[in-house]
Amino acid sequence: MSREQQVLDRIERIRRRKPVIREELITLAHGAGGKATQTLIEAVFLEAFRNPLLAPLDDGALLRIGDGQLAFTTDSYVVSPLFFAGGDIGDLAVNGTVNDLAMCGARPAHLSAGFILEEGFPVADLRRITDSMAAAAAAAEVAIVTGDTKVVQRGKADGCYITTAGVGLVEEPVTLSAARARPGDAVIVSGPIGEHGAAIMLARGDFDIEAPITSDTAPLHGIVSELLKALPQHVRALRDATRGGVATVLNEVARASEVAVVLREDQIPVRPEVTGVCELLGLDPLYVACEGRFVAVVDGEHAGQALETLRSHPLGADAAIVGTVADAPAGLVLLRTAFGGTRVVDVLVGDPLPRIC
């Protein structure tokens with residue numbers, strides 16, 4: 001047995017172990033979307049709440065209501081700072097929930113909004129946030145129809161946290177799941193990656209870096225709808241690349257489908273400004289969050305049509321085929337580097353960019 005195969009076998013044995021949370025206290029890494037988050041979800045939440053609708057751990061649950069099917073999702077937003085180039089916590093909360101519904105193949109319809117406000121938070125900032133949410137909801141053609149507000153003592157929060165939930169109607173007869181990828185499929189990203197995480201990092205002002213980077217926060221249901229109408233039976237999976245970035249999303253696909261995902265470094269779209277900031281900070285753009293980009297796994301024979309469909313939409317003008325699905329090594333994501341080598345792209349470890357959404 002070759003040394004490479006020994007390493008792959010060891011990785012496989014470790015991954016098949018039952019998740020166990022070993023820490024006694026929650027850390028920021030548990031909210032980063034990487035290995036610690038997966039362990040927390042599987043060892044604590046899934047263990048407690050396990051049921052058939054939750055088990056797939058998709059972006060939302062699909063609910064059969066009479067003859068129709070609804071998608072239901074929820075998310076919380078704790079981004080710091082609250083305002084950043086290209087957006088704020090308000091439009092992020094609306095777009096993030098709209099996008100989770102879109103990844104289920106649903107047309108978003110109604111949202112809820114819950115606010116946790118800190119004593120002393122400026123009313124002017126709250127109005128700015130709610131105005132942003134209203135504009136984002138109007139642009140996405142959804143209504144915020146219910147909500148809740150709580151106020152906590154000064155110093156017990158970070159100004160404003162928002163939780164949104166959403167329901168949407170599944171109109172196209174499609175089946176989307178991270179477990180549906182097959183060898184020969186193509187992996188497509190809808191546009192340049194890493195812009196949201198980079199914008200947040202610059203907005204914090206911790207580094208003396210200036211760059212023309214804005215968050216890519218945007219509602220994705222329109223471009224997703226066009227893709228599903230064009231290829232209703234040939235889109236295997238959709239994922240928005242938020243916490244943990246594209247790398248974590250593709251690891252989820254590889255594990256769920258028991259396939260390998262092979263990426264081409266020279267095909268991955270990253271704007272030069274984002275590349276520069278990531279190099280200065282020692283970050284890999286594959287792990288940096290997006291809020292207006294998604295990953296699609298599509299039947300390889302229809303990849304060209306999928307790419308053409310995405311590029312015809314304003315949000316997909318820079319879409320690219322970045323890799324393929326192979327049968328082995330199952331459960332791993334590999335990157336063919338620009339220098340001709342190959343490396344494993346594992347799930348995010350730790351939390352290099354805390355509080356990005």
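Modeller: A crossing of two helices is called left-handed if the near helix is turned anticlockwise from the far one by less than a right angle, and right-handed if it is turned clockwise. The model is predicted, so local features need a pLDDT of at least 70 and side-chain atom pairs count only at pLDDT 80 or more, whereas totals for chains, interfaces and linings use all residues. Residues are numbered from 1 along each chain as its sequence is written, and side-chain values use heavy atoms, with hydrogens and water left out.

Helices (H or I, at least four residues) and strands (E, at least two) are DSSP runs numbered from the N terminus. The crossing of α6 and α9 is right-handed. The axes of α6 (residues 221-230) and α9 (residues 303-311) come within 9 Å and cross at roughly 145°; such axes are lines fitted to C-alpha atoms, for helices over the stretch in contact, with angles from 0 to 180 degrees between N-to-C directions. Contact means heavy atoms within 4.5 Å. Here I223, E226, L227 and A230 of α6 meet Q305, A306, T309 and L310 of α9. By class, this contact has 5 nonpolar, 2 polar and 1 charged residues; Ala, Val, Leu, Ile, Met, Phe, Trp, Tyr, Cys and Pro count as nonpolar, Asp, Glu, Lys and Arg as charged, and the others, Gly among them, as polar.

Helix α2 (residues 35-49) has 15 residues and reaches 20 Å from its first C-alpha to its last, close to the expected 21 Å, which is 1.5 Å times one less than the number of residues. At I41, α2 bends by about 30°, the angle between axes fitted to the seven residues ending there and the seven starting there. Buried means under 20% relative accessible area, exposed over 50%, and partly exposed in between (1.4 Å probe, protein chains only). In α2 the buried residues are T37, Q38, L40 and L46, and they pack against α7 (245-257). A36 also lies in α2; leaving out residues up to four places away in sequence, A36 touches A29 and H30.

Another helix, α5 (residues 195-203), holds H196. H196 counts as buried because its relative accessibility is 0%. Apart from neighbours within four places in sequence, the contacts of H196 include F84, L92, S215 and D216.
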